[in-house]
Amino acid sequence: MNSIVFSDSNENSGSSSISNPETPTPENSTPDFTALKRLSENLESIFESSEFDFCSDAKIVFSDSREIPIHRCIVAARSPFFKSVFSSPIVKDKGGKLELKDLAKDFDVGYDALAVVLGYLYSGKVRPLPREVCVCVDEECSHVGCRPVVDFMVEVLYASFTFQISELVTLYQRRLLDILDKVAVDDILVILSVANMCEKACERLVAECIDIVVKSDIDPVTLEKALPHDIVKHIMDTRSDVGLGETDINTSPDKHVRRMHRALDSDDVELVSMLLKEGHTTLDNAHALHYAVAYCDKKTTKELLDLERADVNNKNQRGYTVLHVAAMRKEPGIIASLITKGARPTDLTPDGRKAVQISKRLTKYVDYHRCTEKGKDSPKDRLCVEILEEAERRDPQLGEASLSLAMAGDDLRVRLLYLENRVCLARLLFPREAQVAMEIAKVDATSEFPLAPNLNEAPFIMAEGHLNRLKALQETVNLGKRFFPRCSDHLNKIMDAEDLSELANLGNDTAEERQMKKRRYMELQDVLLEAFCKDKADLDKSPAKSPVISSSASSTSRGLARTNGSRFTPRK
C-alpha cells in the first residue's frame with residue numbers, strides 16, 4: 001500500500017481552524033484549542049454514530065435506497081448550497097428528504113465520497129482515502145493513480161464544488177495534480193471532464209490535464225465521446241499549433257468512417273453492411289469493431305461480430321486490440337463474445353498491458369471480493385476479470401457437463417430435459433454468469449421447472465426446434481464451463497447428486513410433497529452458494545492471489561465500504 005495515498009487522516013484544508021490532534025503543537029495545551037478539538041469530535045460523533053439518528057431532521061437518499069441522515073442546521077451553516085436547498089418550500093414539503101440525483105445532477109457521486117464531504121462539514125477534518133474503495137485488484141499496482149483512486153477523488157471534488165465547499169475543492173484539486181503523472185491517460189479524460197464542470201475553481205487542473213492530453217495518442221473520436229466540444233476543439237487546435245495535428249493518429253476520420261460510426265450509433269448493422277458493399281472502407285480500416293465495443297449496445301456489437309468481416313485481433317491507431325477496448329468497457333458479455341470469436345487475451349498494449357491487467361486496474365478490491373448473495377447478480381467488474389483470467393489460463397476441454405449428462409448417452413429427450421434443468425438452475429443461482437453464457441449462445445430463455453416434465457409425455461417426437469434448442473443449451477453449458485469453471489463444477493455436483501427432474505415434477509404431488517421438494521431445493525441452493533463462497537475465499541487466500549489490503553476490507557459485505565469507526569451502512 002502506497003503510504004502517500006492513505007496517510008492523510010485529519011489533514012487540514014483551507015479554512016478549517018482545527019489542527020491535527022495527533023500532531024504535537026504548542027496550541028494543544030491552550031483552552032481554545034482543547035475546546036475546538038472537543039467541538040470537532042462531538043460534531044463528528046453526531047454524524048458517524050447511529051445513536052444520534054433520532055435528532056436528524058433530513059436525509060440524503062441514493063438511487064439504490066441507501067441513505068445518510070443529516071442535520072439541517074449544521075450543513076446549512078457550513079454550506080451556502082445546503083442553506084439555499086433547505087430554505088426551499090419544496091424541500092420542506094418533502095420532509096427534508098433529498099434525492100442525491102437532484103443535488104448532484106451532472107456526475108454520479110458514490111456513497112463513500114459523499115460521506116467524506118459531509119464528514120468534513122460536521123468536523124472540519126478531512127478523512128483519509130478509504131482503502132475499501134481506493135484500491136484495485138492488480139497486485140502490482142501502487143494504488144496511487146489507478147481508476148478507483150481517480151473515481152473517488154473526482155467524486156469528492158465534484159461534490160465539494162456542488163456544495164460550495166471551496167477549501168475542499170482546493171485540497172482535492174491539489175491531490176489530483178500530485179498524482180497526474182501516475183494516472184493512465186484514458187483516466188485523465190475523467191479528471192478533465194469533472195474539473196471542467198468545476199469551472200474557474202479548477203482552472204489549473206484543467207490546464208494540466210489538457211497539456212497531457214494534447215501530447216497523448218488519444219484519437220479525436222475518443223475525445224469527442226468523453227469531453228465537451230469546446231475542450232475538444234481547444235485540444236485539436238493546440239495539437240495543430242505545436243505540429244501534432246499532421247500525424248495520422250490525430251487526424252479526424254474521413255467521411256466514410258464517420259458514416260459507419262453514425263450507423264453504429266443508430267444500431268443499424270444493416271446499414272453498415274450496405275456501406276461495406278460500397279467499398280470505400282472496411283470494418284478494420286474504420287476500426288468499427290473497436291467503436292462498437294466501446295460505445296454501442298451489446299446486441300449491436302454481437303451483430304457486427306456475426307458479420308465475420310472484422311479481425312477481432314486488429315489494433316487501432318493507439319495499438320489497442322478490440323479486447324483491450326472491451327476490458328475498458330467492462331461488459332462481461334462482450335468480452336466473452338470476443339474470446340469465443342478468437343480474440344487473444346495475451347496481446348499487449350504498446351505500454352505492455354494485457355486485457356486482464358487493464359480490467360484489474362479498473363476494478364475495486366471491495367467489489368471483486370464481495371461474496372454475492374444467493375440469486376443476486378455478481379459484480380460485472382469481477383466477472384470481466386474472471387473471464388479474462390480463465391481465457392488466459394487455459395483452453396478448456398469442453399466435454400460432458402457432468403456425469404449425469406454422460407449417462408444420458410444418446411437419449412436426446414433426456415439430454416434436453418437435463419440441459420433445460422441445468423441452465424434454469426444456473427439462472428437462479430448465478431444469474432449474471434448464466435446471462436453472459438446464454439446471450440452468446442443465443443438462448444433467450446429456458447423452460448421453467450414446472451414445464452420441463454412435458455418432455456416426458458408420450459409419445460414425444462424430437463422436432464427440429466427441439467434439436468436447435470438442445471444445441472443452444474449445450475453451447476450455454478459449455479460456455480459456462482469455459483468462463484465460469486467454479487460455478488460449473490458446483491452445478492455438476494448438484495446435478496449429479498439429485499434427480500432434478502423429480503424435484504421439478506410438481507404436477508401430481510400433494511401439498512406436503514410440494515413443500516418437501518421446495519425445502520430440498522432451497523437446501524441445494526444454500527449448499528451450492530456456501531460452497532461457492534468458500535471456494536472463492538480459499539482462492540483469495542492462496543499465495544497466487546495474496547490480499548492487497550487488510551482483512552477488514554475483505555469483510556465488507558455487499559460491496560458497501562465502512563470507514564474506520566463510522567456507521568455508514570445501507571438502510572432499507
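Trainee: Which backbone nitrogen does the side chain of serine 123 reach?

Mentor: A polar contact is a pair of N or O atoms within 3.5 Å; within protein, one must be able to donate a hydrogen and the other to accept it, and residues adjacent in sequence count only if both atoms are side-chain atoms. Here the serine 123 side chain reaches the backbone nitrogen of lysine 125 at 3.2 Å, and also the backbone oxygen of glycine 119 at 2.9 Å. The model is predicted: local features need pLDDT of at least 70, side-chain atom pairs count only at pLDDT 80 or more, and totals for chains, interfaces and linings use all residues. Residues are numbered from 1 along each chain as its sequence is written, and side-chain values use heavy atoms, leaving out hydrogens and water.

Trainee: Is serine 123 buried or exposed?

Mentor: Buried means under 20% relative accessible area, exposed over 50%, and partly exposed in between (1.4 Å probe, protein chains only). Serine 123 has 3% relative accessibility, so this residue counts as buried.

Trainee: How many disulfides does the count come to?

Mentor: A disulfide is a covalent bond between the sulfur atoms of two cysteines. With the rule that the two sulfur atoms lie within 2.5 Å, the count is zero. For cysteine 198, the nearest cysteine sulfur belongs to cysteine 202, 4.1 Å away, which is too far for a bond. Cysteine 198 is buried, at 0% relative accessible area, and cysteine 202 counts as buried at 0% relative accessibility.
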